[in-house]
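This report is for a reader who is new to the structure below. Please look through the sequence and the model before reading on.

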Amino acid sequence: MVERRPFVSLATDFGAAYTAICAGVVYSIAPAANVLVLSDEITPYGVREGAMLLRQALPYLPVGVHVGIVDPGVGTPRLPVAIETGRGDVLVGPDNGLLVPAAAKLGGAVRTHALENPAYRLPEVSTSFHGRDVFSPAAAHIASGVAVADLGAPVDPQPLDVPPPSVSGGELTAPVLYTDRFGSLVLGAERTDLAAAFGELAPGAPLEVTWSGAASGTLRVTFEETFGGVAPGTPLLWIDSSGWLGLAVNQGSARETFGLADVRSLTLRTAAGRVAGD
Amino acid sequence: MVERRPFVSLATDFGAAYTAICAGVVYSIAPAANVLVLSDEITPYGVREGAMLLRQALPYLPVGVHVGIVDPGVGTPRLPVAIETGRGDVLVGPDNGLLVPAAAKLGGAVRTHALENPAYRLPEVSTSFHGRDVFSPAAAHIASGVAVADLGAPVDPQPLDVPPPSVSGGELTAPVLYTDRFGSLVLGAERTDLAAAFGELAPGAPLEVTWSGAASGTLRVTFEETFGGVAPGTPLLWIDSSGWLGLAVNQGSARETFGLADVRSLTLRTAAGRVAGD
Amino acid sequence: MVERRPFVSLATDFGAAYTAICAGVVYSIAPAANVLVLSDEITPYGVREGAMLLRQALPYLPVGVHVGIVDPGVGTPRLPVAIETGRGDVLVGPDNGLLVPAAAKLGGAVRTHALENPAYRLPEVSTSFHGRDVFSPAAAHIASGVAVADLGAPVDPQPLDVPPPSVSGGELTAPVLYTDRFGSLVLGAERTDLAAAFGELAPGAPLEVTWSGAASGTLRVTFEETFGGVAPGTPLLWIDSSGWLGLAVNQGSARETFGLADVRSLTLRTAAGRVAGD
C-alpha cells in the first residue's frame with residue numbers, strides 16, 4: 001500500500017532557519033504533509049533566478065502545493081496569490097511574476113486567486129514575514145483540501161519581466177538569468193536561439209563571447225555537448241539540463257575566472273580561426 | 001485520518017552533513033519520526049544567536065522534541081539536558097542557556113533532567129560529537145515515549161547571558177544579538193524599549209545611530225514599519241517578525257554597507273532635522 | 001505500530017536546489033519514501049571528501065538506499081553503479097571510488113551492477129544532470145523493491161585513490177583528506193598510525209607539525225582528547241568522531257589561522273621541550 005501524503009515544497013531566499021519555520025507552520029496545520037525544501041538559498045531578491053528555478057524544478061516534483069517566495073515587495077501592497085495549474089498543482093507566492101513561468105510548464109494557470117481569507121492566515125500577520133504568516137498557512141490549508149477559490153477574489157497574475165534574446169547580423173545577445181553555485185552563467189536563450197543565429201553547431205565549434213558594462217571583455221570558447229569535452233579549467237558554452245544556454249568553466253567558475261559578477265548580458269558571434277590553446 | 005508522527009526538530013552550528021547524521025540517528029531509533037532541520041547554519045559557537053533562533057522559531061513548530069546544539073563546551077564537564085515545557089515540548093541540548101529563552105516562550109520549563117542514562121545514548125560516546133552520540137539518541141527515545149525523568153537527575157538549567165538594553169538621557173543602547181543572512185543587525189531591544197527612550201515613533205521618524213570599537217561611526221536613519229517605507233539601498237530601523245529592533249538596508253546589507261561586522265552594540269538617539277536625501 | 005517507509009539519503013556537491021530536485025524525483029517514483037539530504041554542500045568535485053563523508057555518516061543512518069554524487073566525469077563514459085552492501089544498504093552513484101570506503105564500513109560490497117536498464121531512468125536523460133535523470137530514479141526504484149541485479153550488468157567497482165599515511169624515522173606523514181566547515185584539517189591517519197610513529201600519546205603531549213608547497217611552515221601543538229583541553233584560539237591535534245587524526249584550533253579555524261588552504265599533507269614529529277605559551 002502506498003501511503004498518501006499531501007506534498008508541499010518551499011523555495012525561498014530566506015536561508016535555512018526562516019524557511020524551516022515556514023515548514024513548521026505547514027506541519028502544524030497539516031501534520032500529514034510531506035514538506036520538501038526545494039531551495040532556501042535563492043539569491044536575496046532574485047525574482048528572475050527564483051522563477052527559473054521553479055520552472056526548472058517543479059516538473060520533476062510530485063503534483064502538490066509549491067510555495068515560492070522571493071518578495072522584494074513584502075510590506076507593500078502587492079498581492080499574495082495561489083495559482084492552480086493544469087497538472088493539478090497549486091503555486092503559492094507573491095504576484096510578481098515569480099510563479100508564472102513554472103505554471104506555464106505545469107499545464108498553464110487554470111485559476112489564480114488572492115490570499116485574502118483570514119481563516120487561512122495565522123491569527124497575527126506581521127509586516128515583514130508573510131512567508132510564515134500568509135503563504136505557508138495558505139499552502140497548508142490547500143494541502144489539507146481547501147479549494148483555491150475559497151482563498152479570495154480571482155485575479156490576473158502579473159507576468160515575469162525578462163528581456164528576450166535577440167538575434168541579428170550573425171550575433172546572439174542573451175540576458176544573464178542567474179549565476180549558479182558553480183559560477184556558471186545561465187543565459188535566457190535556448191538551443192533554438194543558438195540555431196537561429198549560427199545554424200546547427202557541432203561540438204567544438206568556436207564562438208566569441210563579449211560583454212560590456214562596468215567591466216568589458218572578450219573570450220573565445222567552444223560550444224560543447226558536455227563539460228568533459230574540454231580540459232579542466234577551460235571555458236565552454238553548453239545547453240544546461242533545463243534547456244538554457246550557459247557559459248561555464250570545466251571544474252571551475254566562469255564568474256571568477258573572467259570577472260563576470262555584474263554582467264547582465266552576453267553577445268555571441270562566430271569566431272574565425274582557432275580558439276586559444278588549439 | 002491524520003497520520004500521527006512524533007515531531008523532532010534539529011538546530012545546530014554543524015553544517016548540513018553533521019546535522020543530517022543526527023537526523024539519521026533519530027530515524028534509526030525512531031523510524032516513524034518526522035525530522036525537520038530548523039537550522040544547520042547557526043554561526044559556529046553562536047550560543048546567543050542560536051538561543052534567539054529557538055525562541056523565535058519553536059512557537060511556530062508543532063509540539064515535539066526540539067534539539068538545539070551550539071556547544072563551545074563539548075568535551076568539557078557541562079551537562080547535556082532535556083527541558084520539558086508547559087506546552088508539552090521537550091528541548092534537548094547543552095546546559096549553557098541556549099534552550100532557556102525558548103522554554104520561556106513555550107509555557108516555561110516544567111522540569112529539567114540531565115542526559116545521563118546510558119540506555120538512551122549510543123553504545124559508544126565520542127569526545128567531540130555529542131550531537132550524534134548523546135543529544136540525538138535522547139531526542140529519539142523521548143519522541144518514542146521515554147519520560148524526561150528517566151534520562152537522569154533533575155537539574156536547574158543555566159540562564160542565557162545577554163546584556164539588557166539600557167535607556168538613559170534620551171538614548172537607547174542595545175546589544176547586537178546577531179546579524180541575519182541579509183546583513184541586518186538584530187538588537188536585544190523591543191518596541192517597548194524604543195518607546196521608553198523616544199515615546200511612540202511614527203513611521204519616518206528620524207534617529208541617529210552610533211557605534212564604536214575597532215571602527216566607529218554615525219548614521220542617520222528613519223524608523224519604519226516596513227522595508228518598503230524606504231527606497232532600495234536606504235537604511236532603516238524596524239521591528240522584526242519576532243519583535244526585536246533591527247537595523248537593515250532595504251534590498252541590501254547593513255553590515256556590508258556600514259562596516260558593522262564586529263560591532264557589539266548600537267546607541268540610538270533622536271535626530272534633529274531631516275535625514276540625508278529628504 | 002511503527003510505520004515502514006523506505007529510507008533514501010542523498011549526498012551531493014549540487015547545492016540545495018539541484019539536490020532537492022533529486023529528492024523530488026525520488027518522491028515522484030516512490031511516494032512513501034523518507035528522503036534525507038545527508039549533504040548538498042560537498043566541495044564541488046571533492047570525490048575524496050565525499051567518500052569520507054559517506055564512510056563516516058552511513059553507519060549512523062538507517063539501512064536504506066544511499067545516493068552519493070560527486071562526479072567530475074559526468075558526460076564522459078564512467079559508469080553509474082549500484083553497490084549492495086552486507087548490511088543490506090544499496091549505494092548508488094558514479095563508479096569513481098566515491099562509494100567504496102562506505103561500502104567497506106557497511107559489511108562490504110556484496111554485488112555491484114551498472115545502471116543501464118532504461119526502465120529505471122527518466123524517459124529523457126540529459127548530458128549534464130545524471131543525478132536527476134539516472135541516479136535518483138534508480139534509487140527510487142530500488143527503494144520500491146527493484147533488485148540491484150535488474151539494473152544492469154555486474155561490474156567490479158573502482159577503488160578510491162587515497163595515498164596511505166607513512167611512518168618512518170619517528171615521523172608520521174598523512175594526506176589532508178578535506179577541511180571541515182570549522183576550518184579543521186582532517187588527515188588520512190588514525191590513532192593506530194599515530195601510535196606506530198610515537199607510541200601511546202598522553203593528552204598534552206607536544207608534537208611538531210610541518211608542511212611545504214606553495215607555502216611552508218612549522219607549528220608546535222599538543223595532542224588532546226578534547227577541544228576543551230586547550231584555550232580558545234589554541235591549536236591542537238585530536239582524533240575526530242570518525243577516527244581520523246585532525247588539526248584544529250579551539251573555537252577557531254586552523255586553515256585560516258595558519259594559511260593551510262592549499263596544503264596537501266602534514267608531517268608530524270615529536271617536539272622537544274615545551275609548546276609556546278606553557
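A residue counts as buried when its relative accessible area is under 20%, and as exposed when that area is over 50%. The model discussed here is predicted.

**A residue in chain C**

Thr85(C) belongs to strand 4 of chain C, which covers residues 80-85. Because its relative accessibility is 2%, Thr85(C) counts as buried. Setting aside neighbours within four places in sequence, the residues in contact with Thr85(C) are Leu91(C), Ala103(C), Leu106(C), Gly108(C) and Val110(C).

**The contact between chain C and chain B**

Chain C brings 27 residues to this contact, and chain B brings 34 residues. Tyr60(C), Arg181(C) and Phe182(C) supply 25% of the area that chain C buries against chain B, more than any other three residues. On the side of chain C that touches chain B, strand 2 (34-39) and helix 2 (47-57) each supply at least two residues. Strand 2 of chain C gives the largest share of that side, with 5 residues. The table lists values for the pair of chains.

| Chain C and chain B | Value |
|---|---|
| Area buried between them | about 2400 Å² |
| Part of that area from carbon and sulfur atoms | 58% |
| Salt bridges | 0 salt bridges |
| Polar contacts (both residues at pLDDT 80 or more) | 5 residue pairs |

**A helix in chain A**

Helix 1 of chain A runs over residues 16-29 and has 14 residues. From its first C-alpha to its last, helix 1 of chain A reaches 20 Å, close to the 20 Å expected at 1.5 Å a residue. How much of this helix is covered? Helix 1 of chain A is mostly covered, with 12 of its 14 residues buried. Among the buried residues are Ala16(A), Tyr18(A), Ile21(A), Cys22(A), Val25(A) and Tyr27(A).

**Confidence of the prediction**

For the complex, the predictor gives an ipTM of 0.82 and a pTM of 0.85. The average pLDDT of chain A is 91, and 95% of its residues score at least 70. Over residues 274-278 of chain A, however, pLDDT stays under 50. For residues 274-278 of chain A the model has 5 contacts beyond four places in sequence. Where pLDDT is low, the predicted coordinates should not be read in detail.

Key:
Residues are numbered from 1 along each chain as its sequence is written. Chains are lettered from A and ligands numbered from 1 in the order in which they are written. This is a predicted model: local features need pLDDT of at least 70, side-chain atom pairs count only at pLDDT 80 or more; totals for chains, interfaces and linings use all residues. Side-chain values use heavy atoms; hydrogens and water are left out. pLDDT is the predictor's confidence in each residue, from 0 to 100. Contact means heavy atoms within 4.5 Å. Helices (H or I, at least four residues) and strands (E, at least two) are DSSP runs, numbered from the N terminus. The expected span of a helix is 1.5 Å times one less than its number of residues. Buried means under 20% relative accessible area, exposed over 50%, partly exposed in between (1.4 Å probe, protein chains only). Buried area is the accessible area (1.4 Å probe) that two parts lose on being put together, summed over both. A salt bridge is a side-chain nitrogen of Lys or Arg within 4 Å of a carboxyl oxygen of Asp or Glu. A polar contact is a pair of N or O atoms within 3.5 Å; within protein, one must be able to donate a hydrogen and the other to accept it, and residues adjacent in sequence count only if both atoms are side-chain atoms.
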